[in-house]
Amino acid sequence: MSSPGQAAPDPRRWRALVVCLVAGFMTLLDVSIVNVALPSMQRGLGASAAELSWVVSGYALTFGLVLVSSGRLGDDRGRKKMFLIALALFTITSAVAGFSVDPRMLVIARLLQGAAGGMLNPQVIGVIQQLFSGRERGRAFGLFGAVIGVSTAVGPLSGGLLLQWVGEAEGWRWVFYVNVPIGIVALLLGLRWLPRDEAPTGERRPLDLVGALLLGGAVVALMLPLVLSEQDFAGAPWWLVGVAVLLGLLFVAWERRAKRTHGHPLVNFGLLRTRSYALGTTLGLLYFAGFTSIFFVLTLFLQQGRQFSPLEAGLALTPFAVGSAVSSAIGGRLISRLGKPLIVGGLLTVVVGLIATDVVLRMNPSSVGWAIALPLLVAGIGGGLVIAPNQTLALEEVPAREGGTAAGVLQTGQRIGSAIGISAVGAVFFSTLASSRGDWATSISRGLVITVGLVVLALLVGIADLVAGRFSRRRTPVPGDDRSGPEPTEVTSADDPVEELGPAVVGTVVRSEDGEPVPGAVLTLVDETGHQAARADGDPHGAFRLVPPRPGSYQLVVRAQGRAPDVGRVAVSEHASAYDVVLGPAAEDHVVRTVR
């Protein structure tokens, strides 16, 4: 048996991250950049209100539709391959959208463009999971969080600048054309800098097409009435929500059957037993419900209520983007040290900034753009401390081999949250505007109240997670420190609560020949004095969790029936560290391979 060390990081990881951030920025920018160009599209193509609605909503719909299945494809078939295919499709569909000669062609191009963007984003997060670990991963996710915040906030500004530069008659085409040269450059750099996909070992996992169809149908049935309600709340097909629930139940039943029959469901529901991932996904859904609806109502208020030009409206929202960009980078560096309190503090700051924005707008200032600059800056600073840190902690205990699928589920929640938030806030905003006969000040105020409420719900989830983590930490027995050495911390199942805020070792035991999980393994941590520090039994899916008394360097000893035993050294930090343990069938060299 070998005594392995930590795997050397990929020397090209930061250059690969640049490619991922550029591609992610393009796809997320296209969610909001088209809003200010809609009047120009209507005049240029003679599009109806319903067709304009599909230009915006169709992108979000197909984007959310393919996230989970695309993440699974990246995990199984290669992230670089999926990244390059999706980026090429996004670039091509952007060109087609800009070249559209009628509204139908534009709508179809936007549907395909959204699907390409949804295929691309899980690969971005999967590559970050694969290439970075520890504090570097927090920094990388911090930069990606900055991309999310900035792309959403500067969309109206970017669209306004393009319309100002090219002219409103044809400026809307350049909202799409601008992606083409950027996409080509990113493709060339991706071919060179992204890590090569590893050759598959053993039999490929089945793709679970039935599960993909059921989940896709449930997502469409849920999101379709939400995105259509942005224009006509009462006329949206709300009966589809019942269809979504039925398809969701069928999906869960099918996935359980797939787990029993071949062991490779589309979504590993075992991930939801990990508190950090389950609550992080819930928090992300609620925060995005409030986060994206901010720009929806403020853009309408500024352009239609205060007669701002597209450029002026975009400039008014820029302070949020600036604050989010700066704090996202800082939050990525601090998350490994501060943990959950950083996210709770960020959410509280967002609430304060949005309440201050509402108070300022109630005063009906003459220079509204300058008046809301400081409150939006405060909200943006808070937002930057939420998105990336929450993503980092939510995926912290997810094995890298499932990073794309887990990211797809996480981002699907964010897209559904965005649709829910815009639907709810839009319904309140437009109904108030109609009942008050055009009182824009009252309408924006009530819309912001709903936005604040959604962010407060995310804050409550964050506080609950923080309290639960500390309560779990207090319940952990403190080992004695006598002559006989520290008492072991017994962990009998991988389903026990996660010790997120303290030292822990989590991961999966897999077979060396095909990467399949090894059930029922026995894992032991041994400290520097040779005493047992922790012991765990792996669950039927190969997952395990060990909680030693303190951070430090330990020997990890692994035994499983029918497999050669293995031993390797692991470094345990203040937070959970993830390892995949690879066991071979014979007495040959085996390793404990660090995956993050």
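Residues are numbered from 1 along each chain as its sequence is written, and side-chain values use heavy atoms, with hydrogens and water left out. Since the model is predicted, local features need pLDDT of at least 70 and side-chain atom pairs count only at pLDDT 80 or more, whereas totals for chains, interfaces and linings use all residues.

## Overall fold

The protein contains 20 helices and nine strands. Helices (H or I, at least four residues) and strands (E, at least two) are DSSP runs, numbered from the N terminus. Of its 596 residues, 58% count as buried; buried means under 20% relative accessible area, exposed over 50%, and partly exposed in between, with a 1.4 Å probe and protein chains only. Contact means heavy atoms within 4.5 Å. Among contacts between residues at least 6 apart in sequence, 77% join residues at least 24 apart.

## Nonpolar cores

A nonpolar core is a set of buried Ala, Val, Leu, Ile, Met, Phe, Trp, Tyr and Cys residues joined through side-chain atoms within 4.5 Å. The largest one has 113 residues, and F83, Y287 and L347 have the most contacts inside it. Helix α12 (residues 275–305) gives the most to this core, namely 15 residues. Leaving aside residues up to four places away in sequence, F83 touches V19, C20, A23, L120, Q123, V124 and L194. A second, separate core of 24 residues includes L29, V55, L163 and W172.

V55 is also among the residues touched by R110, together with D30, V34, V56, Y59, T62 and F176, not counting residues up to four places away in sequence. R110 is placed in helix α6 (residues 103–131) and counts as buried because its relative accessibility is 0%.

## Aromatic pairs

The structure holds 11 aromatic pairs. Rings of Phe, Tyr and Trp (its six-membered ring) pair if their centres lie within 6.5 Å; planes under 30 degrees apart count as stacked, over 60 as edge-to-face and the rest as tilted. Two of the pairs are set out below.

| Pair | Centre to centre | Angle of planes | Class |
|---|---|---|---|
| W174 and Y177 | 5.4 Å | 80 degrees | edge-to-face |
| Y287 and F291 | 5.5 Å | 15 degrees | stacked |

W174 and Y177 both lie in helix α8 (residues 171–177), three residues apart, about one turn of the helix. W174 is partly exposed because its relative accessibility is 37%, and Y177 is likewise partly exposed, at 23%.

Y287 and F291 both belong to helix α12, four residues apart, again about one turn of the helix. Y287 is buried, with 2% relative accessibility, and F291 is buried, with 1%. Y287, F288, F291 and F320 form one aromatic cluster.

## The second largest pocket

On a 1 Å grid over the protein atoms alone, a pocket is an open set of points with protein on both sides within 12 Å along at least five of seven lines, and lining residues have an atom within 4 Å of a point. The second largest pocket has a volume of about 1100 Å³; a volume is the space filled by probe spheres set on the points, which are joined across faces, edges and corners. Its lining consists of 42 residues, of which N35, L38, V56, F296 and L300 lie nearest the centre. Elements that give two or more residues to this lining include α1 (13–32), α3 (49–65) and α19 (403–435). The largest share, nine residues, comes from α12.

## Loop residues

Most residues other than glycine have a negative phi. N364 is not a glycine, yet has a positive phi of about 55 degrees. N364 sits in the loop between α15 (340–362) and α16 (368–371) and is partly exposed, with 48% relative accessibility. R437, also not a glycine, has a positive phi of about 60 degrees. R437 lies in the loop between α19 and α20 (440–475) and counts as exposed because its relative accessible area is 80%.

F99 is found in the loop between α5 (79–98) and α6, and is exposed, with a relative accessible area of 55%. Not counting residues up to four places away in sequence, F99 touches M105, R173 and Y177.

Definitions and conventions. On a 1 Å grid over the protein atoms alone, a cavity is a set of points where a 1.4 Å probe fits but cannot get out, and a pocket is an open set with protein on both sides within 12 Å along at least five of seven lines; lining residues have an atom within 4 Å of a point.
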